[in-house]
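Subject: Structure for your review

Dear colleague,

Please read them alongside the sequence and the coordinates.

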Amino acid sequence: MQITLKLYAQLGQFLPPHAARNQAEIEVADATSIWQVIDAYNVPRGMCHLVLVNGHFKAPAIRDEVLLQPGDALAIWPPVAGG
């Protein structure tokens, strides 16, 4: 099935080569969890601070339980530091 993977800031380096801007359409198996996608693209779990599926926040404790559906958008931001 196809989903959209969006990686922001320094996480963009983990997108596949065919990515445009900060996102890529990717093919994943049915019943793929959020963590499985993150691991498949070698995104460090500790850098996945804000994770949204179709605009809805998914806490770290449930990222193994949330199974992606065709057409879902998985968006991930790293922690932000500033002053």
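The chain holds 1 helix and 5 strands, where helices (H or I, at least four residues) and strands (E, at least two) are DSSP runs numbered from the N terminus. Read from the N terminus on, the elements follow the order β-β-α-β-β-β. Please keep in mind that this is a predicted model, in which local features need pLDDT of at least 70 and side-chain atom pairs count only at pLDDT 80 or more, while totals for chains, interfaces and linings use all residues. Residues are numbered from 1 along each chain as its sequence is written, and side-chain values use heavy atoms, with hydrogens and water left out.

The 5 strands form an open sheet of mixed pairing, in the order β2-β1-β5-β3-β4, two strands being taken as paired if DSSP finds at least two bridges between them. In general, the strands of a sheet pair through backbone hydrogen bonds, either parallel or antiparallel.

Strand β1 (residues 2–7) is joined to β2 by 5 bridges, and these two strands run antiparallel. Within that pairing, Gln2 has Glu27 of β2 as its bridge partner, and Ile3 has Ile26 of β2. Strand β1 is also joined to β5, in this case by 4 bridges and with the two strands running parallel; here Thr4 stands opposite Ala73 in β5.

Strand β5 (residues 73–77) also contains Trp77, which is partly exposed, with a relative accessible area of 27%; by the cut-offs used, buried means under 20% relative accessible area, exposed over 50%, and partly exposed in between (1.4 Å probe, protein chains only). Leaving aside residues up to four places away in sequence, Trp77 touches Tyr8, Leu11, Met47, Cys48, His49, Leu50 and Leu52, a contact being heavy atoms within 4.5 Å. The C-alpha atoms of Trp77 and Leu11 are separated by 7.3 Å, although the two residues are 66 residues apart along the chain.

Ala31, found in the loop between β2 (23–27) and α1 (34–40), has a positive phi of about 60° although it is not a glycine. Asn54, in the loop between β3 (50–53) and β4 (56–57), likewise is not a glycine and has a positive phi, of about 55°; Asn54 is partly exposed, with a relative accessible area of 42%.

As for the chain as a whole, a compact globule of 83 residues would have a radius of gyration near 12 Å, and the 12 Å of the chain agrees with this; the radius is taken over C-alpha atoms, and the globule rule is 2.2 Å times the number of residues to the power 0.38. Along its principal axes the C-alpha trace spans about 40 × 30 × 20 Å. Buried residues make up 39% of the 83 residues, and of the contacts with a separation of 6 or more, 61% are between residues 24 or more positions apart.

With kind regards
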